[in-house]
Amino acid sequence: MDFHGCSCKNVTITEGIFGEIWIDNDGDQMFIDSIPKIVKSYTITNANRMEVIVITWGATIMSLKCPDKYGHSADVVLGFDDLKGYMNPLTNPFIGCILGRCANRIKDGHITIRGREYQLTKNDFNGKHHLHGGVNGFGRKVWDSYIAGCSVVMSYLSPDGEEGYPGAVLTTIRFKLTMDNKLDICMRATTSKPTIVNLSHGSMFNLAGHDAGETELKKHKILFNCDRWTFADYTDPIPTGAIHGVGGTVMDFRIPRILGEYMEKVPPGEGYDHNLCVTKNGQSGSLFVAKAWHAKSGRVLEIYSDQRGAHFYTGGQEIYSHFPCCILYPGQVYCHDLTYKFEVQLANFM
């Protein structure tokens, strides 16, 4: 990660303590021994009154505040006020954290690498599939951290065999807030053995403010730079392998659409939990993926990513690397760059 040439005079970072947990001598994070582990918080602010708070529990975005068109600031991501809320798997399955080693679902929790089979933990669809790295994946670990210039860097060493995955994996995440209201999340990983690595971030957005509820959420206009989607029967969320065009379906957000007018049309009427295919057109690097508007507040969110899949979930938007081979080999470096860009629109032009 290159920190050279960054200008930090308009961005400030304050380190604090969010809480502490207890771990046993084997490193499992439980309240059963006398070894405390500090969970740190980092408050990142810029001159435009944007504020992002990240914590080392799961490399989680706890809060993201930005002004609306009237200058009133609100937190636009879901989160908890204390560590107890984050540690409860019933109230917090994967809110705001890093998703890994593998974001999204793996059918039957079964993978094969170089002819060798591995059984991963099953934590989705009544214990049928593997989801977001398993029962105690990256989002339920305390990450090491430090401040580097105008960035917060977090790292975690996942041991060989964790959640059933082969190989020890070292992952580094950099959070950087820029002066033009971009939050860059840069993810890198290396491994000691061939393994699966497919990282993403699980923030869930409501541009009206996280406490505005479902009514304001449904008023958002949504646009996706996606022309296809990976078909999955709603009775089982695993994609079948078929890729369908979005034209003429409730998956078509190539022009802005009001979210609430489409959510109930998705079988079985419970909203979106679907993977869309980003339109690449032969381009490389980070591309425009999606945009969301909330007319009343004037807040606008644009999402950019260098990955090919956008998983649309009607509590937020999560960008996954779904299509390229997700096997990482020793000597290779896994890369995923994700950007959330925030703006204020004074009038409703869309």
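Predicted model: local features only at pLDDT ≥ 70, side-chain atom pairs only at ≥ 80, totals over all residues.
Which residues are linked with Arg105 in a network of salt bridges? The answer is Asp124 and Asp273, which together with Arg105 make up that network, where a salt bridge is a side-chain nitrogen of Lys or Arg within 4 Å of a carboxyl oxygen of Asp or Glu.

Residues are numbered from 1 along each chain as its sequence is written, and side-chain values use heavy atoms, with hydrogens and water left out.

The structure holds 14 salt bridges, and I will go through some of them.

One of these joins Asp160 to Lys193, with the closest N and O atoms 2.6 Å apart. Asp160 sits in the loop between strands E12 (151–158) and E13 (169–177), and Lys193 in the loop between strands E14 (182–191) and E15 (195–196), so the pair ties together parts that are 33 residues apart in sequence; strands here are DSSP runs of at least two residues, numbered from the N terminus.

Asp160 is partly exposed at 43% relative accessibility, and Lys193 is partly exposed at 38%, a term that covers the range between buried (under 20% relative accessible area) and exposed (over 50%), using a 1.4 Å probe and protein chains only.

Another salt bridge brings together the side chains of Arg188 and Asp337, at 2.9 Å from N to O. Because Arg188 lies in strand E14 and Asp337 in strand E27 (residues 334–344), this pair ties together parts that are 149 residues apart in sequence.

How values were computed: Helix = DSSP H or I, 4+ residues; strand = E, 2+ residues; numbered from the N terminus.
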